[in-house]
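Morning, everyone. Have a look at the model first.

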Amino acid sequence: MESLPEPRASTPPAPYEPNPILGWLYKRFFSRIYVDQKWSAVVRDSAQKGVVVYVMRSLSVLDFLCLDFLLKKFSLPLVTFVNDLGLWILEPFGKGGRRLRLRRQDPEDQTLREVVKESHSALLFLRRPPSFARDDRKGGKLEVDLIRTLVETQRQMDKAILLVPQTFVWSKLPPLKNRSILGLIVGPSEGPGEIRSFFQFILNFRNALLRSGEPFDLRAFLAQHQELTDAEAADKIRYALLRRMERERTLVLGPSKKTPARMREEILRSPRVKKHIDATARTSKKTVDRVRKDAAKDLRRMAAAPDQFWMAVMHRILARVWTRIYDGLVVDKKGIERLRDAARKGNIVLLPSHKSHVDYVVLSDVLYTNAISPPLIAAGENLSFWPLGPILRRAGGFFIRRSFAGKRLYSALVDAYVRKLMVEGFALEFFIEGGRSRTGKLLAPKLGLLSMIVDAALLLRSRKTFFVPISIGYERIIEEGAYVHEQSGGEKSEENVGGLLTTPRILRSRYGRLYIQVGEILSFDDVLAETAGRPAEEAAGSLTPSQRRALVQTLAHRVVYEIDRATMVTPAALVAAALLAHRKRGITLRELADSCEQLIAALLRVHARIGTNLVDDKGALRIPVLEGALRLFIDGKLVTEQSVGGPPVFTIPEERRMALEYYKNNLLHFFVPSALIATALLVDAVALPTETELRERVKRLSRTFKYEFMYRADADFDQIFDEALQSMLDADELERFADRIRVGGGRAGQRITMYAALLRTYLESYRIALRSAEQLINAPASKKEWLRRTLSLGSHMYLAGEIEHRESISRPKMENALAAMHDIGLVSFRAGNTVEAGEPLRSKETVRQLEAELTSFVA
């Protein structure tokens, strides 16, 4: 290679200094720009590793001025070189002055080389902005290839050159797929010209933001690709930098937007949909054109119509709503950054828990606040009513029917629509539980929509797919009264406009904090390889139907398990659990704090997420936070406070126990293994069980409650039992006595009775269900009638003192108990949703033994 000329000895240009008027404008406008929290850390870290060269996409005076201001504000390496900005005599770094004095300009590549060799920072723009005269959507190339200059310079330097992509987002409107006349004149939104940049800035400077892409280590790249010429290396580097900047822009704005009509037309033209349209036309005796029009109508009812302007309006409204009804939103910031990193690498599918209608908007609003494009959200068609439907549709909601039974064309349309969204690069969100949980526990996963997404991910091998489990938790929920009504046997009310009329009441109430927590993000390829037992690329095209079903089920249970693990232990849930585990009529604050400390010790042992507001750095309980949660329940009339000649005593009104159990169930999953062991151990207070006997008792209990609790998907029963038992032994909650297991001595041993108390209502519920099943011997009954009779029987048993807790009379528990009895043959289901007695149930001795066993566990 021909040697480069030696640089002349000269002092590098000083950093740019604006005049007083421009300096005032700097502070007036640029100080409002939102800067990514990691931005300054990324730049500072890059500066420690080598010479920082900032890189931007399209030549822009505004971008240069703004970056210069922010670098000075955060005390980061300042720019001492920039491409020719086209400002003539106003050009920075002395170039304008030399033009004014009619002096010769130094070549740009030579100046850049001198600046970098002196370890000073520079700013490079990679393209000229698009113009009306140039038919180039992405902008034109610059006259001098300064990336190649950096390649040549790096080959002569020991110190690394770090290229740090910078992306300013002046408008949150996503780019359009179709060209427009305005775009030809002032440039497209993703690569605006100076005129468009100016007006975007003036209109949006309060919402503008700066994103930094992953730094590009030029020295490391050249060391790995020594075979490349300077020109070839420059082309690859330029492409990589443009990709990184485009990823950052897409993260904020979302993918390029197509019109709804174009999306519908592309879906209807897809071979699979056309095949189903033809098949439906043949079977329904309709014309193909008629069926196609019906399909287009279904797509219009289904499709989302995300509107960034509407999202901005909603964000402002929701910010006020959150302030009015919640004491704050606790967001997992590290989890949000992990989510952002996954979105850089491929498609993301958000899978939050579902406890409230608030879930539909809160996660999107949190992502919008953190400069991540909100997802498109699958919602039930029952929510498409006016005016809620249009609001959710513009916020990214798309509406699908609850059941596709017998609707093959509709199923094909949903599948094609979801697949199209993934191909276009949209983030998706749906609730893997299907509907809202009325009990506070996670529901069993529904596999329909997940199966469609898995099919799409198997076909889209050029793009990675990530599944993001998210826990949305509440200290109190706004649907509390409706849930208690439904659990007690009341009919579920349909969503309608009347439901919105309760908003003024809701806005006058306080519901504590709202928690957003991100679980471990699951790579689809990793789950596929683990399930198939071979590399993902090899397995993707060769799965058998049974392997594909296993993949969907494994993924679903992994997601649910990760949501449970990510759930934040809230003060309200902790207080509810302690109150309901207490066996006396009332409890003092001191007793409550002692019980909460016991539960906290157990939660820390299983590495549960506990809010920093609940415990201090040493894990000690913060009593004022406990009192705040108690006050929240008192204000909601879930707990009463009475003071009679001593410290206040807190009691639970009988009719409010079911509402309180909802909050206890928010953290129950952390205790299930320990609670099953404790319940099995306390069956006989005299004869201590061997480990084998204890194992068998726990296995029977876990099978009985298989529809109540979600067990770990990555371990079998024996592994879960062994780990839980050893953990309780290590914590001195249990101890070995010869070959037997018994309750440990001291304070730790007291937790065993608390664990068992957490499952007491489930045992009582199943006892009611078993007693009610006996009535089926005389005559079958519809499921609805059986549930009505069972709830009525439960009320009788409660009044007669046969069961202790009113919250045991719960419709969801009875439904799960019915499913469990069906599994062991006690009942059977006939066509028409009829329940009848199974053969074992006809033996009264069998029924008496089963009820005696349940009673012994309760006792």
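Predicted model: local features only at pLDDT ≥ 70, side-chain atom pairs only at ≥ 80, totals over all residues.

Residues are numbered from 1 along each chain as its sequence is written, and side-chain values use heavy atoms, with hydrogens and water left out.

First pair. Helix α23 covers residues 524-532, and helix α25 covers residues 545-566. Helices here are DSSP runs (H or I, at least four residues), numbered from the N terminus. The axes of α23 and α25 come within 10 Å and cross at roughly 125°. Axes are lines fitted to C-alpha atoms over the stretch in contact, and angles run from 0 to 180 degrees between N-to-C directions. So α23 and α25 are oblique to each other. Oblique is what remains after under 35 degrees (roughly parallel), over 145 (roughly antiparallel) and 65 to 115 (roughly perpendicular). On α23, Phe-524, Val-527, Leu-528, Glu-530 and Thr-531 make the contact. On α25, they meet Ala-550, Leu-551, Thr-554, Leu-555 and Arg-558. Contact means heavy atoms within 4.5 Å.

Second pair. Helix α26 (residues 571-581) packs on helix α27 (residues 589-605) at about 115°, with the axes 9 Å apart. That makes α26 roughly perpendicular to α27. From α26 come Leu-574, Val-575, Ala-577, Ala-578 and Leu-579. From α27 come Leu-592, Ser-595, Cys-596, Leu-599, Ile-600 and Leu-603.

Definitions and conventions:
Helix = DSSP H or I, 4+ residues; strand = E, 2+ residues; numbered from the N terminus.
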